[in-house]
Amino acid sequence: MAYKVILAETDIHRVLDRIAHQILEKTQGAGDVVLLGIATRGVPLAQRLAERILAFEQQPTPVGTLDITLYRDDLNRHSTRAVGHTELPTGGIDGRRVILVDDVLFSGRTVRAALDALSDLGRPAAVQLAVLVDRGHRQLPIRADYVGKNIPTALAEQVRVLLKETDGTDEVRLTEGTPA
Amino acid sequence: MIKHLLSAADLDAPTATLIHDIAAEMATVAGREVKKLPTLRGRTVVNLFYEDSTRTRTSFEVAAKRLSADVVNFSAKGSSVEKGESLKDTAWTLQAMGADAVVIRHPASGAPNRLVNWVHGSVLNAGDGTHEHPTQALLDTYTMRSRLGTVAGLNVAIVGDVLHSRVARSNALLLHTLGAKVTLVGPPTLVPPVFETLTPDVRVGYDIDAVLPEADVVMMLRVQKERMNAAFFPSWHEYSRRYGLDAARVRRLPDHAIVMHPGPMNRGVEIAPDVADSPRSTIVEQVANGVSVRMACLYLLLGGRS
């Protein structure tokens with residue numbers, strides 16, 4: 001299917017550099033930050049952000065993974081989904097500033113599920129959201145604190161984020177047509 | 001995806017492995033502050049128990065509640081069953097109440113297979129007569145995997161009253177599917193030669209001491225007095241001496257081998273108390289794993305589009 005490249009490899013690098021700087025700025029040095037990647041592609045993004053925060057200011061940041069399958073609100077609309085792995089960093093999330101990391105912010109339902117999951121896992125001091133791409137069309141009152149790129153899209157279009165860790169290459173594509 | 005869980009033979013290796021993988025994630029819930037997931041909110045699970053059971057019924061109940069399902073416990077004792085209601089009429093009643101899943105334990109082999117025709121929801125076999133107990137086999141293989149790393153290639157000795165044991169049957173079937181080698185051991189009256197036809201590679205043996213040095217897993221079974229209508233062995237003392245697992249026999253096992261028992265145990269009959277309480281024993285783990293595995297089964301059967 002025909003697609004347009006919205007972010008190439010170097011763009012993704014620059015965008016993540018900027019988000020890491022913004023996190024350091026907004027959190028006064030990221031001392032209390034825990035990065036939680038939302039499975040699947042939020043996980044490598046969270047790891048990359050932690051590497052940059054370490055490189056820029058020598059601040060080690062705990063990284064965890066969050067699988068929200070069991071908290072989805074559309075489970076009974078699809079056939080049963082496999083469950084991914086959830087792992088909090090040692091030290092947990094209580095009293096920390098948790099930054100959820102995901103690839104695409106769309107309806108907001110994934111973030112809603114992640115917030116529900118978080119409240120079952122502990123009590124963070126604050127929760128923020130970082131996304132590589134915000135494509136609009138929110139169905140819930142949710143916004144991101146750190147956005148890599150805002151992309152105006154039509155509902156029928158598809159945004160695909162490819163990452164080296166999961167897909168072998170770094171690229172963000174906008175595909176026309178109807179998703180499955 | 002599967003709708004019912006009636007027999008361990010219905011599970012292929014990928015499905016069983018998927019259940020194990022999901023169970024491993026479910027197990028983390030037990031260590032959390034909030035031991036609950038919203039996954040099955042609004043679903044109703046009926047525990048329909050025609051036989052006494054503490055561990056399995058409680059295990060299913062905890063599993064369903066951890067997934068936020070509503071649980072109705074229906075035991076035959078003190079119910080309309082004692083007034084003569086048939087399984088079919090009970091099933092229709094449950095159907096009318098909107099059960100999304102029925103977990104059934106019944107003294108008659110095959111009862112869950114009949115129930116499938118009378119309810120719209122999923123049916124989970126929690127033990128039918130001397131036939132099958134698939135979730136027990138799933139939790140036992142899950143326990144083997146978490147203790148020994150894998151199930152494929154293991155030598156598993158199942159020892160005792162195989163004839164009356166749905167646990168043995170379901171385990172032998174699932175272990176075969178997952179690539180383990182099973183040896184059924186016991187007195188010939190309780191392990192008749194016909195069991196050699198259960199799976200293509202199952203073996204039958206009558207000498208426990210010959211089997212132990214090769215075993216990675218020893219699964220001891222309870223002698224089921226309640227299902228026996230004849231004398232299957234001369235005396236309890238003789239049974240215990242020839243087939244009981246005591247400390248001396250445990251020393252014949254390889255160092256890594258584990259000792260399993262589905263419970264309830266007859267301490268001093270099929271298993272010596274010091275063996276049951278030893279670090280090799282997985283008996284308490286099996287109970288904890290039972291909840292995780294049943295959560296995985298309920299999620300798999302009820303989690304998707306109905």
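B:Arg32 forms a salt bridge with A:Asp120, with the closest N and O atoms 3.8 Å apart. (A salt bridge is a side-chain nitrogen of Lys or Arg within 4 Å of a carboxyl oxygen of Asp or Glu.) The count between chain B and chain A is one salt bridge. This is a predicted model: local features need pLDDT of at least 70, side-chain atom pairs count only at pLDDT 80 or more, and totals for chains, interfaces and linings use all residues. Residues are numbered from 1 along each chain as its sequence is written, chains are lettered from A and ligands numbered from 1 in the order written, and side-chain values use heavy atoms, without hydrogens and water.

Now the wider interface. Chain A gives 19 residues to the contact and chain B gives 19 residues (contact means heavy atoms within 4.5 Å). About 1500 Å² is buried between the two chains, 56% of it on carbon and sulfur atoms. Buried area is the accessible area (1.4 Å probe) that two parts lose on being put together, summed over both. In chain B, B:Glu25, B:Tyr299 and B:Arg305 lose the most area to chain A, together 35% of what that side buries.

Next, the sheet in chain B. Four strands form an open sheet in the order β2-β1-β3-β4, with parallel pairing. Strands are DSSP runs (E, at least two residues), and helices are runs of H or I, at least four residues, numbered from the N terminus. Two strands pair if DSSP finds at least two bridges between them. The edge strands of chain B are β2 (70–75) and β4 (122–128). Five bridges join β1 (44–49) to β3 (101–106) in chain B. B:Val46 has B:Val102 as its bridge partner in β3(B).
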